[in-house]
Amino acid sequence: MADSSTQGIKTVLHPVSDLAAAKAVYTALLGVPPQTDDSYYVGFEAAGQHIGLVPGGGPQGMTSPVAYWHVADIEAKLAEVTAAGATIKEQPRDVGGGRLVATVTDPDGNVLGLLQDQ
(Lines give C-alpha, C1' and ligand atoms only; values in the text may rest on other atoms or scores of the structure.)
Protein backbone atom coordinates (compact mmCIF):
# COMPACT_ATOMS: atom_id res chain seq x y z
CA MET A 1 0.00 0.00 0.00
CA ALA A 2 1.14 3.49 -0.79
CA ASP A 3 0.25 6.37 1.51
CA SER A 4 -3.18 4.92 2.08
CA SER A 5 -3.97 6.59 5.36
CA THR A 6 -6.81 9.06 5.50
CA GLN A 7 -6.97 12.33 7.36
CA GLY A 8 -10.46 11.45 8.60
CA ILE A 9 -13.90 12.73 7.75
CA LYS A 10 -13.70 16.50 7.70
CA THR A 11 -16.44 17.33 5.18
CA VAL A 12 -20.10 16.30 5.13
CA LEU A 13 -22.49 17.51 2.42
CA HIS A 14 -26.25 17.48 2.95
CA PRO A 15 -28.80 17.69 0.12
CA VAL A 16 -31.57 20.13 1.05
CA SER A 17 -34.89 21.03 -0.53
CA ASP A 18 -35.20 24.52 1.01
CA LEU A 19 -31.81 26.23 1.23
CA ALA A 20 -32.99 29.20 3.31
CA ALA A 21 -34.73 27.00 5.88
CA ALA A 22 -31.77 24.61 6.09
CA LYS A 23 -29.33 27.52 6.43
CA ALA A 24 -31.28 28.83 9.44
CA VAL A 25 -31.28 25.40 11.13
CA TYR A 26 -27.57 24.73 10.53
CA THR A 27 -26.62 28.26 11.64
CA ALA A 28 -28.47 27.66 14.91
CA LEU A 29 -27.00 24.16 15.30
CA LEU A 30 -23.40 25.13 14.60
CA GLY A 31 -23.51 28.57 16.24
CA VAL A 32 -21.67 30.24 13.35
CA PRO A 33 -22.80 31.95 10.15
CA PRO A 34 -21.98 30.32 6.82
CA GLN A 35 -18.52 30.94 5.41
CA THR A 36 -19.82 30.38 1.86
CA ASP A 37 -23.34 31.57 1.07
CA ASP A 38 -24.40 31.18 -2.56
CA SER A 39 -27.61 30.09 -4.25
CA TYR A 40 -25.98 26.78 -5.28
CA TYR A 41 -24.08 26.00 -2.03
CA VAL A 42 -23.89 27.08 1.59
CA GLY A 43 -20.86 26.00 3.59
CA PHE A 44 -20.01 26.23 7.28
CA GLU A 45 -16.68 25.79 9.08
CA ALA A 46 -17.15 24.64 12.66
CA ALA A 47 -14.88 22.72 15.03
CA GLY A 48 -12.54 21.60 12.25
CA GLN A 49 -15.41 20.33 10.12
CA HIS A 50 -16.87 21.62 6.87
CA ILE A 51 -20.64 21.20 6.63
CA GLY A 52 -22.16 21.92 3.23
CA LEU A 53 -25.76 22.37 2.11
CA VAL A 54 -26.46 21.41 -1.50
CA PRO A 55 -29.85 22.53 -2.89
CA GLY A 56 -31.72 19.73 -4.62
CA GLY A 57 -28.74 17.41 -4.21
CA GLY A 58 -26.76 19.39 -6.78
CA PRO A 59 -25.65 18.12 -10.19
CA GLN A 60 -24.44 14.87 -8.61
CA GLY A 61 -28.02 14.04 -7.54
CA MET A 62 -27.30 13.47 -3.85
CA THR A 63 -30.24 11.88 -2.03
CA SER A 64 -28.62 11.57 1.40
CA PRO A 65 -25.67 13.13 3.24
CA VAL A 66 -22.22 12.18 1.97
CA ALA A 67 -19.21 12.10 4.29
CA TYR A 68 -15.92 12.93 2.58
CA TRP A 69 -12.73 11.23 3.73
CA HIS A 70 -9.77 13.55 3.22
CA VAL A 71 -6.87 11.76 1.52
CA ALA A 72 -3.37 12.70 0.35
CA ASP A 73 -3.67 10.96 -3.05
CA ILE A 74 -7.19 10.52 -4.42
CA GLU A 75 -6.13 8.35 -7.38
CA ALA A 76 -4.18 5.95 -5.15
CA LYS A 77 -7.07 5.71 -2.69
CA LEU A 78 -9.55 5.09 -5.51
CA ALA A 79 -7.37 2.26 -6.80
CA GLU A 80 -7.10 0.80 -3.33
CA VAL A 81 -10.81 0.90 -2.48
CA THR A 82 -11.96 -0.35 -5.89
CA ALA A 83 -9.50 -3.26 -5.64
CA ALA A 84 -11.16 -4.02 -2.30
CA GLY A 85 -14.66 -4.07 -3.83
CA ALA A 86 -15.91 -0.47 -4.01
CA THR A 87 -17.41 0.86 -7.25
CA ILE A 88 -16.64 4.30 -8.62
CA LYS A 89 -19.78 6.44 -8.67
CA GLU A 90 -18.18 9.77 -9.60
CA GLN A 91 -14.68 10.13 -11.07
CA PRO A 92 -12.38 12.75 -9.49
CA ARG A 93 -13.26 16.28 -10.49
CA ASP A 94 -11.89 19.68 -9.51
CA VAL A 95 -14.48 21.68 -7.57
CA GLY A 96 -12.32 24.78 -7.34
CA GLY A 97 -9.09 25.83 -5.76
CA GLY A 98 -7.41 22.57 -6.70
CA ARG A 99 -9.77 20.53 -4.51
CA LEU A 100 -10.55 17.14 -6.04
CA VAL A 101 -13.59 15.10 -5.03
CA ALA A 102 -14.82 11.65 -6.05
CA THR A 103 -17.39 9.20 -4.75
CA VAL A 104 -17.54 5.43 -4.57
CA THR A 105 -20.15 2.99 -3.35
CA ASP A 106 -19.39 0.20 -0.96
CA PRO A 107 -20.77 -3.33 -1.56
CA ASP A 108 -24.04 -2.31 0.16
CA GLY A 109 -24.54 0.80 -1.99
CA ASN A 110 -23.47 3.34 0.65
CA VAL A 111 -21.88 6.41 -0.93
CA LEU A 112 -18.42 7.33 0.36
CA GLY A 113 -16.72 10.58 -0.60
CA LEU A 114 -13.01 11.12 -1.15
CA LEU A 115 -11.48 14.59 -1.07
CA GLN A 116 -7.93 15.73 -1.87
CA ASP A 117 -6.68 19.27 -1.38
CA GLN A 118 -3.71 20.20 -3.55
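Reader: Which residues form a nonpolar patch on the surface?

Author: In this predicted model, local features need pLDDT of at least 70, side-chain atom pairs count only at pLDDT 80 or more, and totals for chains, interfaces and linings use all residues. Residues are numbered from 1 along each chain as its sequence is written, and side-chain values use heavy atoms, leaving out hydrogens and water. A patch is made of residues with over 30% relative accessible area and no salt bridge, with like charges joined within 9 Å and nonpolar side chains (Val, Leu, Ile, Met, Phe, Trp, Tyr) within 5 Å. A salt bridge is a side-chain nitrogen of Lys or Arg within 4 Å of a carboxyl oxygen of Asp or Glu. Accessible areas come from the Shrake-Rupley method with a 1.4 Å probe, and for residues only the protein chains shown count as cover. Here Ile 9, Trp 69 and Leu 112 form the patch, with about 220 Å² of accessible area together.

Reader: Is Leu 114 buried or exposed?

Author: Buried means under 20% relative accessible area, exposed over 50%, and partly exposed in between (1.4 Å probe, protein chains only). Leu 114 has a relative accessible area of 5%, so this residue is buried. Leu 114 belongs to strand S8, residues 111-116; helices (H or I, at least four residues) and strands (E, at least two) are DSSP runs, numbered from the N terminus. Contact means heavy atoms within 4.5 Å, and the residues that Leu 114 touches, not counting those up to four places away in sequence, include Ile 74, Lys 77 and Leu 78.

Reader: What is the phi of Ala 47?

Author: Most residues other than glycine have a negative phi. Ala 47, however, has a positive phi near 55°. Ala 47 sits in the loop between strand S3 (41-46) and strand S4 (49-55), and is exposed because its relative accessible area is 83%. Just after H2, Gly 85 also takes a positive phi, of about 120°.
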